[in-house]
Amino acid sequence: MPLPKAELHLHIEGTLEPELAFELAARNGVTLPYADTDELRKAYDFEDLQSFLNLYYELMAVLRTEQDFADLANAYLARAAAQGVRHAEIFFDPQAHLARGVSMGTVVEGLWRALGSSEENHGISTRLILCFLRDESAESALRTLDAARPYLDRITGVGLDSAEVGHPPVKFREVYEAAAALGLRRVAHAGEEGPPAYITEALDALGVERVDHGLRCMEDPALVERLVRERIPLTLCPLSNVRLRTVDTLADHPLPAMLDAGLVCTVNSDDPAYFGGYAGDNFAAVHHTLGLTEDRLRELARNSFLASFLEDDEERRAR
Ligand code: ES4
Ligand code: ZN
């Protein structure tokens, strides 16, 4: 029995496995610039975040209908369930779809076809988090938030993702104020490739409750102290960090030092189809390669539920 856990950092578009990508391409008459799944997998050799994002956005071309998004989410939920995931807070990138002529309704209603019956079908409770692309303008983010208004009963929070360096959190201050006024929870990617100052800014300018990645906080002891004192959870993604070369090898990952420092760490999969593993695979990797004890793994799993947006009673049932 895998350890029950909550996944708090998961981009649904990053769960698109090569087999499903080709199936959806055929169904929608989309031609991919790869001969087959083997050739596509050969493109999964990334140099940094941007080189990954290029492929991530390219493959989204196969996602066109509500059923495509439902199939994508159901495939993820089945895999996650097999790895002990009991609760998933799922990011989606509407701007990447709106730009291709796929509407907010198609994306949200499609995902909901899977999420609405996820507890019955997969034993996983879910939340949806709408992410803004930080390499697009703040105006575009505001328009996107506006387009989401009819679907706010299905959306728990907002996040900030895509190319980090050069796109500081403060650019989205107004957008996050508007999101908070709508009752949405707030998270943001910060300190993945970007400097520790972006983590501070995400807390102070955006009011985030959780930091996605946050890895580079380790370069600033005063920031670590603050994150510990304020019990700000970090959603770490160890296999992602290796594949995007944020760390040299998994053995160099600062997770053990972060736990020793008292940070509220969680372990997540980010874009599992691209980075070599789902939530349980990330837990197994940090267990075997970083030598984390069973107690540490249980601490990570407990943190995942505590850091989630589940209500207390739901949280007790989930773990
Ligand atoms: C992402 Cl790993 C990562 N970082 C930033 N934005 C993203 N979108 C999808 N995966
Ligand atoms: Zn991410």
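**Reading a predicted model around ligand 1**

Me: Which residues are around ligand 1?

Reply: A residue is near a molecule or strand if its C-beta atom, placed from the backbone, lies within 6 Å of it. Here the residues around ligand 1 are His11, Gly14, Leu49, Tyr56, Asp161, Ser162, His189, Glu192, Ser240, Asp270 and Asp271.

Me: Which residue does the UniProt annotation "active site" cover, and where is Glu192 found?

Reply: An unreviewed UniProt entry gives the annotation "active site" to Glu192; such positions are given in the numbering used here, feature names are shortened, and annotations may be inferred rather than shown by experiment. Glu192 is found in the loop between β5 (185–190) and α10 (196–204), with helices (H or I, at least four residues) and strands (E, at least two) taken as DSSP runs numbered from the N terminus.

Me: Is Glu192 buried or exposed, and what does Glu192 touch?

Reply: A residue is buried if 20 or more other C-beta atoms lie within 10 Å of its own, exposed if 12 or fewer, and partly exposed in between, with C-beta atoms placed from the backbone. Glu192 has 24 other C-beta atoms within 10 Å, so Glu192 is buried. Two residues are in contact if their C-beta atoms, again placed from the backbone, lie within 7 Å; leaving out residues up to four places away in sequence, Glu192 touches Leu49, Glu164, His213, Leu215 and Thr246.

Me: How should I read the positive phi values of His213 and Asp270?

Reply: Most residues other than glycine have a negative phi. His213 has a phi near 75°, a positive value in a residue other than glycine, and Asp270, which is not a glycine either, has a positive phi of about 65°. His213 is in strand β6 and is buried, because 26 other C-beta atoms lie within 10 Å. Asp270 lies in the loop between β8 (265–267) and α14 (272–275) and, with 30 other C-beta atoms within 10 Å, is buried.

Me: Where is Gly214 found, and which residues is Gly214 in contact with?

Reply: Gly214 is found in the loop between β6 and α11, and with 28 C-beta neighbours inside 10 Å, Gly214 counts as buried. Neighbours within four places in sequence aside, Gly214 is in contact with Ala190, Gly191, Ile199 and Leu234. Although Gly214 and Ala188 are 26 residues apart along the chain, their C-alpha atoms are separated by 9.4 Å.

Me: Why is α10 largely enclosed by the rest of the structure?

Reply: Seven of the nine residues of α10 are buried, so α10 is largely enclosed by the rest of the structure. The buried residues of α10 include Pro196, Tyr198 and Leu203, and the buried residues pack against β5, β6 (210–213) and α11 (221–229).

Me: Which residues touch the most other members of the largest nonpolar core?

Reply: Nonpolar side chains tend to be buried together in soluble globular proteins. A nonpolar core is a set of buried Ala, Val, Leu, Ile, Met, Phe, Trp, Tyr and Cys residues joined through C-beta atoms within 7 Å. Of the 92 residues in the largest one here, Ile12, Ala73, Phe92, Leu111 and Ala202 touch the most other members. Ala73, leaving aside neighbours within four places in sequence, is in contact with Ile12, Leu111, Ala114 and Leu115.

Me: How many helices and strands does the protein have?

Reply: The protein has 17 helices and eight strands. Its radius of gyration (taken over C-alpha atoms) is 18 Å, close to the 20 Å that the globule rule gives for 319 residues, so the protein is as compact as a globular protein of that length; the rule is 2.2 Å times the number of residues to the power 0.38. Of the 319 residues, 50% count as buried.

Note on methods:
Residues numbered from 1 in each chain as written. Chains lettered and ligands numbered in written order. Predicted model: local features only at pLDDT ≥ 70, side-chain atom pairs only at ≥ 80, totals over all residues.
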